[in-house]
Amino acid sequence: MGIEESVPPFMLGTVEGVVGWARGVSVWPVTFGLACCSIEMMATGGPRFDIARIGSEVFRGSPRQADLMIVAGRVSQKMAPILRQVYDQMSESKWVLAMGVCASSGGMFNNYAIVQGVDHVVPVDIYLPGCPPRPEMLLNALMAIKEHARRSPLGAHRREVARAAEEAALAAMPTSDMRGLLR
């Protein structure tokens, strides 16, 4: 008879595992609905799709109480500094979900007024494609964020790693400068 059989199962585990579980089951999003994708985000909170099943029904109005930013829709050049300010006010650990093709890459709005991908303003963890994406897709992306939160490491260098990844993403070439098949 080993230790696994004599000790109750709740006593086995690591601090990192317990903290990861706690972060994974308590993902609270901040609302940042900018266009038509926000209607689908609101529908996800309704009784038909019931976002409460996965524990994210509490859409926070204050970024200091949230740890997930769902950017739903296109981001204009004037809205980008505000988006960054809301992101900076969020507490650590924080994640960003770009909902819709406009938030992911600018969508069909390839002009001077729209940011060509929200990843030029804040680091994005999950891109959710679609125009607009269905509520089922948002639920699936939220479950992926929760799994990402469960597996993200703890440690002294976690902030430095996150800061380096953010700087690399912000230093990338804007999609408006890229040349491809459409130009």
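Because the model is predicted, local features are given only at pLDDT of at least 70 and side-chain atom pairs count only at pLDDT 80 or more, whereas totals for chains, interfaces and linings use all residues. Residues are numbered from 1 along each chain as its sequence is written, and side-chain values use heavy atoms, with hydrogens and water left out.

Four strands form an open sheet in the order E1-E2-E3-E4, and their pairing is parallel; strands (E, at least two residues) and helices (H or I, at least four residues) are DSSP runs numbered from the N terminus, and two strands pair if DSSP finds at least two bridges between them. At the edges stand strand E1 (29-33) and strand E4 (126-128), each of which pairs on one side only. From one strand to the next the twist averages 15 degrees, where angles run from 0 to 180 degrees between N-to-C directions and axes are lines fitted to C-alpha atoms, for helices over the stretch in contact.

Strand E2 (residues 68-72) is joined to E3 by five bridges, the two strands running parallel, and within this pairing Val 71 has Ala 98 of E3 as its bridge partner. Between E3 and E4 there are three bridges, again in the parallel sense, and here Leu 97 stands opposite Ile 126 in E4.

Two helices pack on this sheet. Helix H3 (residues 37-44) touches E1, E2 and E3, and its direction makes about 130 degrees with that of E2; helix H4 (residues 80-89) also packs on the sheet, touching E1, E2 and E3, with a direction at about 165 degrees to that of E2. Contact means heavy atoms within 4.5 Å.

How many residues of strand E3 (residues 95-99) are buried? Five of its five residues are buried, and the strand is described as mostly covered, where buried means under 20% relative accessible area, exposed over 50% and partly exposed in between (1.4 Å probe, protein chains only). Both faces of E3 are covered, with Trp 95, Leu 97 and Met 99 buried on one side and Val 96 and Ala 98 buried on the other.

Ser 38 belongs to helix H3 and, with a relative accessible area of 11%, is buried. When residues up to four places away in sequence are not counted, Ser 38 touches Gly 33 and Ala 72.

A further packing involves two helices. Helix H2 (residues 15-25) and helix H6 (residues 135-151) pack with their axes 7 Å apart and at an angle of about 160 degrees, which means that H2 is roughly antiparallel to H6 (under 35 degrees counts as roughly parallel, over 145 as roughly antiparallel, 65 to 115 as roughly perpendicular and the rest as oblique). On the H2 side the contact is made by Gly 20, Trp 21, Arg 23, Gly 24 and Val 25, and on the H6 side by Lys 146, Ala 149 and Arg 150.

Two loop residues complete the account. Pro 132, in the loop between E4 and H6, is joined to Cys 131 by a cis peptide bond with omega of about -20 degrees. Asp 50, in the loop between H3 and E2, has phi near 55 degrees, a positive value in a residue other than glycine, and at 30% relative accessibility Asp 50 counts as partly exposed.
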